[in-house]
Amino acid sequence: MLDDADRRILRQYQADPSASTAQLAERAGLTPATCWRRIERMQDAGVIRGVRGVIDWRALGYTVEVSLRITLDKSAPRAFDDFAAAARKIPEVLEIQTFLGQVDARLGIIARDVEHYQEIYRERVLALPHITDIDALMHVARVKFDEQVPL
């Protein structure tokens, strides 16, 4: 269970993951040693899963983002596993989600331009196993994107 001190650490960590333990401790009102032990405990427990670099793919020339809603042939015993394994191999697929309901999966795809997207779609997406239907949604704007958990 997390207590108030853990939540203070996590709030500061989310706001500035590059901050030193001493800085986090000061902002959370703890000693550096206590803060370090708590961070280590939360890492061991899987609460803190890591720190990562976030790269703006638009700055690298990817201007198109598409979400594909996929319906799979659920009569095939390994449809989800086969589909996910094959989709993971497409470098432009940044995200794979699976669902319960009418839509079975969603792929988040980036492409340099519309022509590049069409190439990805025709040559790689349509070759994925067990697909019965695809609905494409081209992203226009990201209104909100926040990975910070409310603590």
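Q: Quick one first: what are axes here, and how do angles run?
A: Axes are lines fitted to C-alpha atoms, for helices over the stretch in contact, and angles run from 0 to 180 degrees between N-to-C directions. This is a predicted model, where local features need pLDDT of at least 70, side-chain atom pairs count only at pLDDT 80 or more, and totals for chains, interfaces and linings use all residues. Residues are numbered from 1 along each chain as its sequence is written, and side-chain values use heavy atoms, with hydrogens and water left out.

Q: OK. At what angle do H2 and H3 pack?
A: About 100°, and their axes are 8 Å apart. Helices (H or I, at least four residues) and strands (E, at least two) are DSSP runs, numbered from the N terminus.

Q: What do we call that arrangement of H2 and H3?
A: H2 and H3 are roughly perpendicular to each other. Angles of 65 to 115 degrees get that label; under 35 is roughly parallel, over 145 roughly antiparallel, and the rest oblique.

Q: Which residues of H2 and H3 meet?
A: From H2, Thr-21, Ala-22, Leu-24 and Ala-25. They meet Pro-32, Cys-35, Trp-36 and Ile-39 of H3. Contact means heavy atoms within 4.5 Å.

Q: And how does that contact split by class?
A: Seven nonpolar residues, one polar and no charged ones. Ala, Val, Leu, Ile, Met, Phe, Trp, Tyr, Cys and Pro count as nonpolar, Asp, Glu, Lys and Arg as charged, and the others, Gly among them, as polar.

Q: Which residues of H2 are buried?
A: H2 covers residues 21-28, and Leu-24, Ala-25 and Ala-28 are buried there. Buried is under 20% relative accessible area, exposed is over 50%, and partly exposed is in between (1.4 Å probe, protein chains only).

Q: Why do the buried residues of H2 line one face?
A: Down the axis of H2, they fall within an arc of 100°, so one face of the helix holds them. The arc is that of the directions from the helix axis to the C-beta atoms. Those residues pack against helix H1 (4-15) and helix H3 (32-44).

Q: What follows H2?
A: Gly-29, with a positive phi near 75°.

Q: Switching to H1. Is Asp-6 buried or exposed?
A: Asp-6 is buried, at a relative accessible area of 1%. It lies in helix H1.

Q: What does Asp-6 touch?
A: Leaving out residues up to four places away in sequence, Asp-6 touches Met-1, Arg-38, Arg-41 and Met-42.

Q: How do the axes of H1 and H3 cross?
A: At roughly 85°, coming within 10 Å. H1 and H3 are therefore roughly perpendicular as well. The residues of their contact divide into seven nonpolar, one polar and three charged.

Q: New topic: the sheet. What is the strand order?
A: E2-E3-E1-E4, in an open sheet of four strands with antiparallel pairing. Two strands pair if DSSP finds at least two bridges between them.

Q: Which strands stand at the edges?
A: E2 (93-98) and E4 (131-138). Each has a single partner strand, so one side of each lacks a neighbour in the sheet.

Q: How many bridges link E1 and E4?
A: Seven, in the antiparallel sense, with E1 spanning residues 64-72. Ile-70 stands opposite Ile-134 in E4.

Q: Which helix packs on the sheet, touching E1, E3 and E4?
A: Helix H5 (residues 114-125). Its direction makes about 135° with that of E3 (105-111).

Q: And what do the buried residues of H4 pack against?
A: Against E1, E2, E3 and E4. In H4 (residues 79-87), the buried residues are Ala-79, Phe-83, Ala-84 and Ala-87. Their arc around the axis is only 115°, so they sit on the same side of H4.
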